[in-house]
Amino acid sequence: MQRAEVTGALDTEGVGEEIVWIPVLTLDELWEGEYLDVDVDGEKVLLAHLPGGRVVAYQGICPHQYIALADGDLDLDKGILTCTAHHWQFDIHTGEGVNPKGCKLFAYLVKVEGDQILVGYPKNAATRHNHCVAE
């Protein structure tokens with residue numbers, strides 16, 4: 001598979017800055033329909049290979065109480081990722097909060113070169129995760 005399509009909805013803060021690209025896995029290590037967490041320069045990142053071939057990456061911890069999102073449940077039919085701790089839910093395609101609304105996962109850029117998956121973030125990003133509180 002030869003492609004270098006960049007996907008992801010990188011948070012607008014930091015756009016235009018130099019992007020750091022980190023190789024994380026190959027497509028053989030993350031099959032379509034699978035998700036897991038990887039380390040990207042000291043940050044836990046959730047990587048998901050969606051049906052149709054798109055790979056997305058978000059902060060790997062729930063923005064509520066920092067529980068690993070890879071331990072949660074991903075309903076591919078509905079496109080909903082549910083945190084195992086308090087059942088906060090996120091749209092796996094956008095990172096937007098479903099329950100509660102208004103909370104969003106930090107989104108990383110993703111590109112695939114050959115079969116290598118790379119995750120990108122702005123070089124000068126102060127933080128690479130969001131935090132939300134329950135209302």
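**Close-up views of a predicted model**

**View 1. Thr26 and the residues it touches.** Setting aside neighbours within four places in sequence, Thr26 is in contact with Asp115, Gln116 and Ile117. Welcome to this predicted model! Thr26 belongs to strand 2, which covers residues 19-26. Is Thr26 buried or exposed? Its relative accessible area is 17%, and because buried means under 20%, Thr26 counts as buried.

**View 2. A cis peptide bond between Asn99 and Pro100.** Here the peptide bond leading from Asn99 to Pro100 is cis. Its omega is near 5°.

**View 3. Tyr66, with a positive phi.** Tyr66 is a residue other than glycine, yet its phi is positive, near 60°. To place Tyr66, look in the loop between strand 5 (55-59) and strand 6 (73-75). Tyr66 has 40% relative accessibility, so it counts as partly exposed, a class that lies between the 20% and 50% cut-offs.

**View 4. His87, with a positive phi.** What is the phi of His87? It is near 65°, a positive value in a residue that is not glycine. His87 sits in the loop between strand 7 (80-82) and strand 8 (89-91). The relative accessible area of His87 is 52%, and since exposed means over 50%, His87 counts as exposed.

Conventions: Residues numbered from 1 in each chain as written. Predicted model: local features only at pLDDT ≥ 70, side-chain atom pairs only at ≥ 80, totals over all residues. Heavy atoms only, no water. Helix = DSSP H or I, 4+ residues; strand = E, 2+ residues; numbered from the N terminus. Buried < 20%, exposed > 50% of the residue type's maximum accessible area, 1.4 Å probe, protein only. Contact = heavy atoms within 4.5 Å.
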